Amino acid sequence: MAGRLTRRWSPSLLQVLRFPVVQLHMSRTAMRASEKDFENARNQLKLLTKDPGNEVKLKLYALYKQATEGPCNTPKPSMLDFINKAKWDAWNALGSLPKETARQNYVDLVSSLSPSSESSSQVKPAAANEKQPGSENIIVTSQDGITKIMFNRPTKKNAITTSMYKEIIHALKAASTDNSAITVFTGNGDYYSSGNDLTNFTDVPPNSIEETAKNASILLREFVDAFIDFPKPLVAVINGPAVGIVVTLLGLFDVVYASDKATFHTPFSELGQSPEGCASYTFPKIMGPAKAAEMLIFGKKLTAGEACARGLVTEVFPESTFQKEVWTRLKAYAKLPTNSLRISKELIRSNEKEKLHAVNAEESTVLQGRWLSEECMNALMNFVSRKSKL
Ligand SMILES: CCCCC/C=C/CC(=O)SCCNC(=O)CCNC(=O)[C@H](O)C(C)(C)COP(=O)(O)OP(=O)(O)OC[C@H]1O[C@@H](n2cnc3c(N)ncnc32)[C@H](O)[C@@H]1OP(=O)(O)O
(Lines give C-alpha, C1' and ligand atoms only; values in the text may rest on other atoms or scores of the structure.)
Protein backbone atom coordinates (compact mmCIF):
# COMPACT_ATOMS: atom_id res chain seq x y z
CA MET A 1 0.00 0.00 0.00
CA ALA A 2 2.71 2.46 0.97
CA GLY A 3 4.36 2.01 -2.42
CA ARG A 4 1.19 3.11 -4.12
CA LEU A 5 1.29 6.51 -2.49
CA THR A 6 3.45 7.80 -5.22
CA ARG A 7 5.98 10.54 -5.33
CA ARG A 8 3.86 12.75 -7.54
CA TRP A 9 1.90 14.35 -4.71
CA SER A 10 2.09 18.10 -4.54
CA PRO A 11 2.92 20.16 -1.44
CA SER A 12 -0.71 21.29 -1.30
CA LEU A 13 -1.38 17.92 0.20
CA LEU A 14 -0.30 19.33 3.48
CA GLN A 15 -3.81 20.70 3.65
CA VAL A 16 -5.43 17.32 3.84
CA LEU A 17 -4.17 16.38 7.23
CA ARG A 18 -7.31 17.16 9.13
CA PHE A 19 -9.55 14.54 7.62
CA PRO A 20 -12.19 13.07 9.91
CA VAL A 21 -10.89 9.57 10.38
CA VAL A 22 -12.20 9.60 13.92
CA GLN A 23 -15.74 9.69 12.53
CA LEU A 24 -15.12 6.39 10.87
CA HIS A 25 -13.88 5.08 14.19
CA MET A 26 -16.96 6.23 16.08
CA SER A 27 -19.45 4.80 13.67
CA ARG A 28 -17.89 1.35 13.37
CA THR A 29 -16.70 0.46 16.82
CA ALA A 30 -19.08 -2.47 17.05
CA MET A 31 -17.64 -4.14 13.95
CA ARG A 32 -14.37 -6.01 13.59
CA ALA A 33 -12.79 -6.76 10.24
CA SER A 34 -10.91 -10.04 10.07
CA GLU A 35 -7.38 -10.38 8.70
CA LYS A 36 -8.96 -11.83 5.59
CA ASP A 37 -11.30 -8.84 5.15
CA PHE A 38 -8.28 -6.61 5.52
CA GLU A 39 -6.28 -8.59 2.97
CA ASN A 40 -9.26 -8.58 0.59
CA ALA A 41 -9.61 -4.83 0.98
CA ARG A 42 -5.94 -4.39 0.13
CA ASN A 43 -6.41 -6.47 -3.02
CA GLN A 44 -9.58 -4.64 -3.93
CA LEU A 45 -7.76 -1.36 -3.62
CA LYS A 46 -5.16 -2.41 -6.14
CA LEU A 47 -7.89 -3.03 -8.65
CA LEU A 48 -9.29 0.49 -8.60
CA THR A 49 -9.04 1.89 -12.07
CA LYS A 50 -9.57 5.50 -11.10
CA ASP A 51 -7.34 7.44 -8.75
CA PRO A 52 -9.38 8.04 -5.56
CA GLY A 53 -7.58 11.32 -4.96
CA ASN A 54 -4.81 12.29 -2.61
CA GLU A 55 -6.98 12.91 0.40
CA VAL A 56 -8.40 9.43 0.30
CA LYS A 57 -4.98 7.95 -0.39
CA LEU A 58 -3.61 9.67 2.69
CA LYS A 59 -6.46 8.30 4.77
CA LEU A 60 -5.83 4.84 3.44
CA TYR A 61 -2.14 5.13 4.10
CA ALA A 62 -2.65 6.26 7.67
CA LEU A 63 -5.21 3.56 8.44
CA TYR A 64 -3.02 0.91 6.90
CA LYS A 65 -0.02 1.93 9.00
CA GLN A 66 -2.14 2.15 12.14
CA ALA A 67 -3.70 -1.25 11.47
CA THR A 68 -0.39 -2.97 10.85
CA GLU A 69 2.06 -1.09 13.09
CA GLY A 70 -0.08 0.75 15.64
CA PRO A 71 0.36 4.43 16.55
CA CYS A 72 2.85 6.50 14.58
CA ASN A 73 6.33 5.54 15.76
CA THR A 74 8.74 7.17 13.33
CA PRO A 75 10.52 10.52 13.59
CA LYS A 76 8.71 13.46 12.03
CA PRO A 77 10.12 14.23 8.55
CA SER A 78 11.42 17.70 7.85
CA MET A 79 9.04 20.43 6.63
CA LEU A 80 10.71 20.30 3.21
CA ASP A 81 10.07 16.59 2.80
CA PHE A 82 6.51 17.34 1.77
CA ILE A 83 5.28 13.94 0.84
CA ASN A 84 6.63 12.01 3.79
CA LYS A 85 5.58 14.83 6.09
CA ALA A 86 2.00 14.61 4.78
CA LYS A 87 1.98 10.86 5.25
CA TRP A 88 3.49 11.09 8.72
CA ASP A 89 0.97 13.73 9.76
CA ALA A 90 -1.89 11.59 8.49
CA TRP A 91 -0.71 8.61 10.46
CA ASN A 92 0.12 10.65 13.55
CA ALA A 93 -3.37 12.20 13.47
CA LEU A 94 -4.84 8.80 14.28
CA GLY A 95 -3.31 9.01 17.74
CA SER A 96 -3.95 5.86 19.73
CA LEU A 97 -6.73 4.49 17.54
CA PRO A 98 -6.72 0.71 18.20
CA LYS A 99 -5.30 -1.49 15.45
CA GLU A 100 -8.57 -3.41 15.09
CA THR A 101 -10.55 -0.23 14.61
CA ALA A 102 -8.05 1.06 12.07
CA ARG A 103 -8.37 -2.21 10.22
CA GLN A 104 -12.16 -1.96 10.19
CA ASN A 105 -12.05 1.67 9.07
CA TYR A 106 -9.64 0.75 6.31
CA VAL A 107 -11.98 -2.02 5.10
CA ASP A 108 -14.96 0.38 5.24
CA LEU A 109 -13.13 3.06 3.35
CA VAL A 110 -12.02 0.69 0.60
CA SER A 111 -15.53 -0.70 0.44
CA SER A 112 -16.92 2.80 -0.01
CA LEU A 113 -14.70 3.14 -3.08
CA SER A 114 -15.91 -0.06 -4.68
CA PRO A 115 -18.40 -0.05 -7.57
CA SER A 116 -21.11 -1.72 -5.54
CA SER A 117 -21.34 1.19 -3.12
CA GLU A 118 -23.59 4.13 -3.89
CA SER A 119 -20.88 6.72 -4.32
CA SER A 120 -18.40 4.72 -6.25
CA SER A 121 -19.13 4.92 -9.92
CA GLN A 122 -15.57 6.02 -10.50
CA VAL A 123 -13.97 2.74 -9.57
CA LYS A 124 -14.07 -0.72 -11.04
CA PRO A 125 -12.33 -3.90 -9.91
CA ALA A 126 -10.25 -5.82 -12.43
CA ALA A 127 -11.98 -8.81 -13.92
CA ALA A 128 -9.79 -11.25 -12.00
CA ASN A 129 -11.54 -10.36 -8.78
CA GLU A 130 -15.05 -10.05 -10.10
CA LYS A 131 -17.39 -12.23 -8.12
CA GLN A 132 -17.67 -15.41 -10.07
CA PRO A 133 -17.91 -19.02 -8.99
CA GLY A 134 -14.55 -20.43 -8.05
CA SER A 135 -12.81 -17.07 -7.90
CA GLU A 136 -11.36 -18.02 -4.51
CA ASN A 137 -9.33 -20.61 -6.37
CA ILE A 138 -6.96 -18.01 -7.74
CA ILE A 139 -5.66 -15.42 -5.30
CA VAL A 140 -4.08 -12.33 -6.74
CA THR A 141 -2.14 -10.02 -4.47
CA SER A 142 0.25 -7.18 -5.10
CA GLN A 143 2.95 -6.05 -2.71
CA ASP A 144 6.55 -4.85 -2.79
CA GLY A 145 6.43 -4.46 -6.57
CA ILE A 146 5.35 -8.07 -7.04
CA THR A 147 1.99 -9.28 -8.29
CA LYS A 148 1.48 -12.78 -7.00
CA ILE A 149 -0.98 -15.14 -8.68
CA MET A 150 -1.53 -18.14 -6.45
CA PHE A 151 -3.31 -21.39 -7.26
CA ASN A 152 -5.53 -21.83 -4.24
CA ARG A 153 -7.28 -25.15 -4.43
CA PRO A 154 -5.06 -27.19 -2.16
CA THR A 155 -7.57 -29.96 -1.45
CA LYS A 156 -7.55 -30.76 -5.17
CA LYS A 157 -3.79 -30.29 -5.48
CA ASN A 158 -4.48 -26.95 -7.19
CA ALA A 159 -5.96 -28.61 -10.29
CA ILE A 160 -7.04 -25.93 -12.76
CA THR A 161 -10.74 -25.68 -13.56
CA THR A 162 -12.22 -23.95 -16.60
CA SER A 163 -13.11 -20.88 -14.57
CA MET A 164 -9.57 -20.74 -13.15
CA TYR A 165 -8.12 -20.58 -16.68
CA LYS A 166 -10.36 -17.59 -17.34
CA GLU A 167 -9.45 -15.94 -14.06
CA ILE A 168 -5.75 -16.36 -14.78
CA ILE A 169 -6.15 -14.75 -18.20
CA HIS A 170 -7.84 -11.77 -16.52
CA ALA A 171 -5.24 -11.65 -13.78
CA LEU A 172 -2.41 -11.59 -16.31
CA LYS A 173 -4.08 -8.81 -18.26
CA ALA A 174 -4.47 -6.77 -15.08
CA ALA A 175 -0.90 -7.50 -13.98
CA SER A 176 0.50 -6.40 -17.32
CA THR A 177 -0.60 -2.83 -16.60
CA ASP A 178 -0.49 -2.62 -12.83
CA ASN A 179 2.28 -0.96 -10.84
CA SER A 180 4.21 -4.11 -10.13
CA ALA A 181 7.62 -4.83 -11.61
CA ILE A 182 7.34 -8.61 -11.79
CA THR A 183 4.61 -11.23 -11.69
CA VAL A 184 4.96 -14.48 -9.80
CA PHE A 185 2.97 -17.71 -9.95
CA THR A 186 2.94 -20.07 -7.01
CA GLY A 187 0.72 -22.66 -5.35
CA ASN A 188 -0.95 -22.86 -1.95
CA GLY A 189 -0.44 -26.09 -0.05
CA ASP A 190 1.78 -29.04 -0.83
CA TYR A 191 1.41 -28.90 -4.62
CA TYR A 192 2.30 -26.21 -7.11
CA SER A 193 -0.50 -27.61 -9.28
CA SER A 194 -1.66 -30.97 -10.59
CA GLY A 195 -2.42 -29.34 -13.94
CA ASN A 196 -5.65 -29.47 -15.84
CA ASP A 197 -8.62 -30.51 -13.72
CA LEU A 198 -9.39 -33.87 -15.26
CA THR A 199 -13.05 -33.50 -14.41
CA ASN A 200 -13.31 -30.51 -16.75
CA PHE A 201 -14.27 -32.96 -19.46
CA THR A 202 -16.14 -35.60 -17.57
CA ASP A 203 -19.53 -33.99 -16.89
CA VAL A 204 -20.27 -33.35 -20.54
CA PRO A 205 -23.46 -34.73 -22.14
CA PRO A 206 -22.61 -36.96 -25.15
CA ASN A 207 -24.11 -34.55 -27.69
CA SER A 208 -21.91 -31.68 -26.43
CA ILE A 209 -18.56 -33.40 -26.44
CA GLU A 210 -17.34 -31.91 -29.69
CA GLU A 211 -18.45 -28.43 -28.76
CA THR A 212 -16.82 -28.75 -25.33
CA ALA A 213 -13.54 -29.87 -26.91
CA LYS A 214 -13.70 -26.96 -29.34
CA ASN A 215 -14.37 -24.45 -26.58
CA ALA A 216 -11.59 -25.91 -24.46
CA SER A 217 -9.19 -25.63 -27.38
CA ILE A 218 -10.12 -21.96 -27.86
CA LEU A 219 -9.71 -21.30 -24.15
CA LEU A 220 -6.39 -23.12 -24.03
CA ARG A 221 -5.08 -21.07 -26.92
CA GLU A 222 -6.18 -17.82 -25.30
CA PHE A 223 -4.70 -18.91 -21.98
CA VAL A 224 -1.28 -19.74 -23.41
CA ASP A 225 -1.32 -16.59 -25.56
CA ALA A 226 -1.66 -14.55 -22.36
CA PHE A 227 1.67 -16.01 -21.18
CA ILE A 228 3.38 -15.54 -24.54
CA ASP A 229 2.38 -11.88 -24.63
CA PHE A 230 2.95 -11.07 -20.98
CA PRO A 231 5.27 -8.04 -21.00
CA LYS A 232 6.88 -8.16 -17.54
CA PRO A 233 9.27 -10.69 -16.04
CA LEU A 234 7.31 -13.80 -15.18
CA VAL A 235 8.59 -15.93 -12.32
CA ALA A 236 7.41 -19.34 -11.14
CA VAL A 237 7.90 -20.22 -7.48
CA ILE A 238 7.42 -23.98 -7.59
CA ASN A 239 6.54 -24.95 -4.04
CA GLY A 240 5.76 -28.61 -4.73
CA PRO A 241 4.96 -31.13 -7.46
CA ALA A 242 3.88 -29.73 -10.82
CA VAL A 243 1.95 -31.74 -13.40
CA GLY A 244 0.87 -31.19 -17.00
CA ILE A 245 0.14 -27.71 -18.27
CA VAL A 246 1.81 -25.91 -15.37
CA VAL A 247 5.05 -27.67 -16.33
CA THR A 248 4.83 -27.02 -20.05
CA LEU A 249 4.14 -23.34 -19.43
CA LEU A 250 7.48 -23.00 -17.65
CA GLY A 251 9.16 -22.62 -21.03
CA LEU A 252 7.36 -19.26 -21.25
CA PHE A 253 8.51 -18.09 -17.82
CA ASP A 254 11.61 -15.97 -17.41
CA VAL A 255 12.81 -17.44 -14.12
CA VAL A 256 11.79 -20.65 -12.34
CA TYR A 257 12.69 -21.24 -8.68
CA ALA A 258 11.90 -24.64 -7.22
CA SER A 259 11.83 -26.19 -3.78
CA ASP A 260 13.79 -29.43 -3.64
CA LYS A 261 10.48 -31.22 -2.97
CA ALA A 262 9.10 -30.13 -6.35
CA THR A 263 8.77 -32.60 -9.22
CA PHE A 264 7.95 -32.02 -12.87
CA HIS A 265 5.67 -34.42 -14.67
CA THR A 266 4.02 -34.29 -18.10
CA PRO A 267 2.05 -37.54 -18.40
CA PHE A 268 0.42 -36.69 -21.74
CA SER A 269 0.70 -40.07 -23.44
CA GLU A 270 -0.66 -41.82 -20.38
CA LEU A 271 -3.68 -39.51 -20.62
CA GLY A 272 -4.11 -40.01 -24.36
CA GLN A 273 -3.19 -36.34 -24.84
CA SER A 274 -0.33 -34.32 -26.32
CA PRO A 275 1.84 -31.38 -25.21
CA GLU A 276 0.58 -27.82 -24.90
CA GLY A 277 1.90 -24.54 -23.52
CA CYS A 278 4.34 -24.37 -26.47
CA ALA A 279 6.42 -27.12 -24.87
CA SER A 280 6.73 -28.98 -28.18
CA TYR A 281 8.88 -26.01 -29.22
CA THR A 282 10.35 -24.61 -25.98
CA PHE A 283 11.38 -27.89 -24.33
CA PRO A 284 13.60 -29.16 -27.17
CA LYS A 285 15.18 -25.70 -27.27
CA ILE A 286 15.73 -25.62 -23.53
CA MET A 287 16.96 -29.17 -22.91
CA GLY A 288 17.62 -30.65 -26.33
CA PRO A 289 15.25 -32.92 -28.29
CA ALA A 290 16.27 -36.18 -26.62
CA LYS A 291 15.64 -34.99 -23.09
CA ALA A 292 12.45 -33.20 -24.16
CA ALA A 293 11.14 -36.35 -25.79
CA GLU A 294 11.69 -38.35 -22.62
CA MET A 295 9.45 -35.92 -20.75
CA LEU A 296 6.85 -35.04 -23.36
CA ILE A 297 6.47 -38.40 -25.10
CA PHE A 298 7.26 -40.90 -22.36
CA GLY A 299 6.17 -38.83 -19.38
CA LYS A 300 9.40 -39.13 -17.37
CA LYS A 301 8.94 -37.34 -14.06
CA LEU A 302 11.89 -35.11 -13.11
CA THR A 303 13.14 -34.14 -9.70
CA ALA A 304 13.83 -30.46 -9.13
CA GLY A 305 17.56 -31.15 -9.46
CA GLU A 306 17.06 -32.92 -12.79
CA ALA A 307 14.83 -30.13 -14.08
CA CYS A 308 17.52 -27.63 -13.10
CA ALA A 309 20.24 -29.65 -14.82
CA ARG A 310 18.08 -29.63 -17.96
CA GLY A 311 17.66 -25.87 -17.86
CA LEU A 312 13.93 -25.88 -17.13
CA VAL A 313 14.52 -24.60 -13.59
CA THR A 314 16.73 -21.64 -12.75
CA GLU A 315 17.68 -22.68 -9.22
CA VAL A 316 16.67 -25.21 -6.58
CA PHE A 317 16.42 -24.32 -2.88
CA PRO A 318 16.13 -26.53 0.20
CA GLU A 319 12.49 -26.74 1.24
CA SER A 320 13.38 -25.43 4.74
CA THR A 321 14.58 -22.07 3.41
CA PHE A 322 12.79 -21.96 0.07
CA GLN A 323 10.12 -19.34 0.77
CA LYS A 324 12.42 -17.02 2.69
CA GLU A 325 15.26 -17.11 0.19
CA VAL A 326 13.11 -16.82 -2.89
CA TRP A 327 10.90 -13.97 -1.71
CA THR A 328 13.85 -12.02 -0.37
CA ARG A 329 15.49 -12.29 -3.74
CA LEU A 330 12.34 -11.42 -5.66
CA LYS A 331 11.68 -8.37 -3.52
CA ALA A 332 15.16 -7.12 -4.34
CA TYR A 333 14.63 -7.78 -8.07
CA ALA A 334 11.30 -5.96 -7.96
CA LYS A 335 13.11 -2.78 -6.93
CA LEU A 336 15.03 -2.66 -10.20
CA PRO A 337 13.88 -0.05 -12.73
CA THR A 338 10.63 -1.44 -14.13
CA ASN A 339 11.02 -0.13 -17.67
CA SER A 340 14.44 -1.65 -17.95
CA LEU A 341 13.11 -5.02 -16.77
CA ARG A 342 10.35 -4.88 -19.33
CA ILE A 343 12.63 -3.82 -22.17
CA SER A 344 15.17 -6.54 -21.44
CA LYS A 345 12.43 -9.15 -21.41
CA GLU A 346 11.10 -7.82 -24.70
CA LEU A 347 14.57 -8.12 -26.26
CA ILE A 348 14.95 -11.69 -25.06
CA ARG A 349 11.48 -12.84 -26.13
CA SER A 350 10.28 -10.72 -29.03
CA ASN A 351 12.01 -12.68 -31.81
CA GLU A 352 10.14 -15.78 -30.75
CA LYS A 353 6.65 -14.43 -30.29
CA GLU A 354 5.32 -15.12 -33.75
CA LYS A 355 6.66 -18.64 -33.67
CA LEU A 356 5.23 -19.26 -30.21
CA HIS A 357 1.76 -18.11 -31.26
CA ALA A 358 1.89 -20.46 -34.24
CA VAL A 359 3.03 -23.37 -32.05
CA ASN A 360 0.27 -22.61 -29.55
CA ALA A 361 -2.36 -22.60 -32.28
CA GLU A 362 -1.12 -25.93 -33.60
CA GLU A 363 -0.90 -27.60 -30.19
CA SER A 364 -4.41 -26.40 -29.27
CA THR A 365 -5.86 -27.80 -32.47
CA VAL A 366 -4.10 -31.13 -32.04
CA LEU A 367 -5.31 -31.39 -28.46
CA GLN A 368 -8.88 -30.75 -29.50
CA GLY A 369 -8.62 -33.93 -31.55
CA ARG A 370 -6.95 -35.84 -28.71
CA TRP A 371 -9.75 -34.94 -26.27
CA LEU A 372 -12.22 -36.62 -28.62
CA SER A 373 -10.10 -39.77 -28.91
CA GLU A 374 -10.96 -43.03 -27.24
CA GLU A 375 -7.50 -43.13 -25.65
CA CYS A 376 -8.13 -39.86 -23.88
CA MET A 377 -11.69 -40.64 -22.86
CA ASN A 378 -10.60 -43.94 -21.32
CA ALA A 379 -7.82 -42.23 -19.37
CA LEU A 380 -10.20 -39.59 -18.02
CA MET A 381 -12.77 -42.18 -17.05
CA ASN A 382 -10.04 -44.16 -15.29
CA PHE A 383 -9.09 -41.11 -13.28
CA VAL A 384 -12.64 -40.33 -12.32
CA SER A 385 -13.39 -43.88 -11.31
CA ARG A 386 -10.17 -43.89 -9.29
CA LYS A 387 -8.96 -47.02 -11.10
CA SER A 388 -5.80 -45.30 -12.16
CA LYS A 389 -3.83 -42.46 -10.67
CA LEU A 390 -0.55 -41.37 -12.12
C1 LIG B 1 -9.06 -25.29 -21.19
C2 LIG B 1 -8.53 -26.67 -21.04
C3 LIG B 1 -7.05 -26.71 -21.13
C4 LIG B 1 -6.51 -28.10 -20.95
C5 LIG B 1 -5.04 -28.12 -20.95
C6 LIG B 1 -4.50 -29.48 -20.78
C7 LIG B 1 -3.59 -29.76 -19.90
C8 LIG B 1 -3.04 -31.14 -19.74
C9 LIG B 1 -2.64 -31.45 -18.34
O10 LIG B 1 -2.53 -30.63 -17.48
S11 LIG B 1 -2.32 -33.08 -18.09
C12 LIG B 1 -2.13 -33.24 -16.37
C13 LIG B 1 -3.42 -33.55 -15.70
N14 LIG B 1 -3.18 -33.90 -14.30
C15 LIG B 1 -3.01 -35.12 -13.89
O16 LIG B 1 -2.98 -36.07 -14.63
C17 LIG B 1 -2.89 -35.31 -12.40
C18 LIG B 1 -4.01 -36.16 -11.86
N19 LIG B 1 -3.90 -36.34 -10.41
C20 LIG B 1 -3.13 -37.28 -9.87
O21 LIG B 1 -2.50 -38.03 -10.53
C22 LIG B 1 -3.08 -37.32 -8.38
O23 LIG B 1 -4.23 -36.73 -7.86
C24 LIG B 1 -1.84 -36.59 -7.81
C25 LIG B 1 -0.58 -37.39 -8.17
C26 LIG B 1 -1.74 -35.18 -8.36
C27 LIG B 1 -1.93 -36.48 -6.29
O28 LIG B 1 -2.12 -37.78 -5.75
P29 LIG B 1 -2.43 -37.95 -4.19
O30 LIG B 1 -2.66 -39.40 -3.97
O31 LIG B 1 -1.39 -37.28 -3.38
O32 LIG B 1 -3.76 -37.11 -3.94
P33 LIG B 1 -5.21 -37.43 -4.50
O34 LIG B 1 -5.13 -38.16 -5.78
O35 LIG B 1 -6.00 -38.06 -3.42
O36 LIG B 1 -5.74 -35.97 -4.80
C37 LIG B 1 -6.42 -35.20 -3.84
C38 LIG B 1 -7.69 -34.68 -4.47
O39 LIG B 1 -7.34 -33.86 -5.58
C40 LIG B 1 -7.99 -34.32 -6.76
N41 LIG B 1 -7.14 -34.04 -7.91
C42 LIG B 1 -5.80 -34.06 -7.95
N43 LIG B 1 -5.39 -33.74 -9.18
C44 LIG B 1 -6.48 -33.53 -9.92
C45 LIG B 1 -6.70 -33.15 -11.28
N46 LIG B 1 -5.67 -32.91 -12.10
N47 LIG B 1 -7.94 -33.03 -11.71
C48 LIG B 1 -8.99 -33.22 -10.90
N49 LIG B 1 -8.86 -33.57 -9.59
C50 LIG B 1 -7.61 -33.70 -9.12
C51 LIG B 1 -8.15 -35.80 -6.51
O52 LIG B 1 -9.16 -36.32 -7.33
C53 LIG B 1 -8.51 -35.81 -5.06
O54 LIG B 1 -9.86 -35.43 -4.95
P55 LIG B 1 -10.85 -36.16 -3.92
O56 LIG B 1 -10.24 -35.90 -2.58
O57 LIG B 1 -12.15 -35.50 -4.13
O58 LIG B 1 -10.81 -37.61 -4.29
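In strand β3 (residues 182–187), the bridge partner of M150 is T186, and the pairing of β2 with β3 is parallel, running over six bridges, where strands pair if DSSP finds at least two bridges between them. From β2 the chain passes through α6 to β3 in a right-handed β-α-β crossover, meaning that, with the strands pointing away from the viewer, the path from the first strand over the helix to the second runs clockwise. Helices (H or I, at least four residues) and strands (E, at least two) are DSSP runs numbered from the N terminus.

This is a predicted model, in which local features need pLDDT of at least 70 and side-chain atom pairs count only at pLDDT 80 or more, while totals for chains, interfaces and linings use all residues. Residues are numbered from 1 along each chain as its sequence is written, and side-chain values use heavy atoms, with hydrogens and water left out.

The pairings of β2 (residues 146–151) are set out below.

| Partner of β2 | Sense | Bridges | Residue pair |
|---|---|---|---|
| β3 (residues 182–187) | parallel | six bridges | M150 with T186 |

β1 and β2 form a hairpin with two residues between them, and D144 in the turn has a positive phi of about 55 degrees. Strand β2 is mostly covered, with five of its six residues buried, that is, under 20% relative accessible area (1.4 Å probe, protein chains only).

Terms used: Buried means under 20% relative accessible area, exposed over 50%, partly exposed in between (1.4 Å probe, protein chains only).
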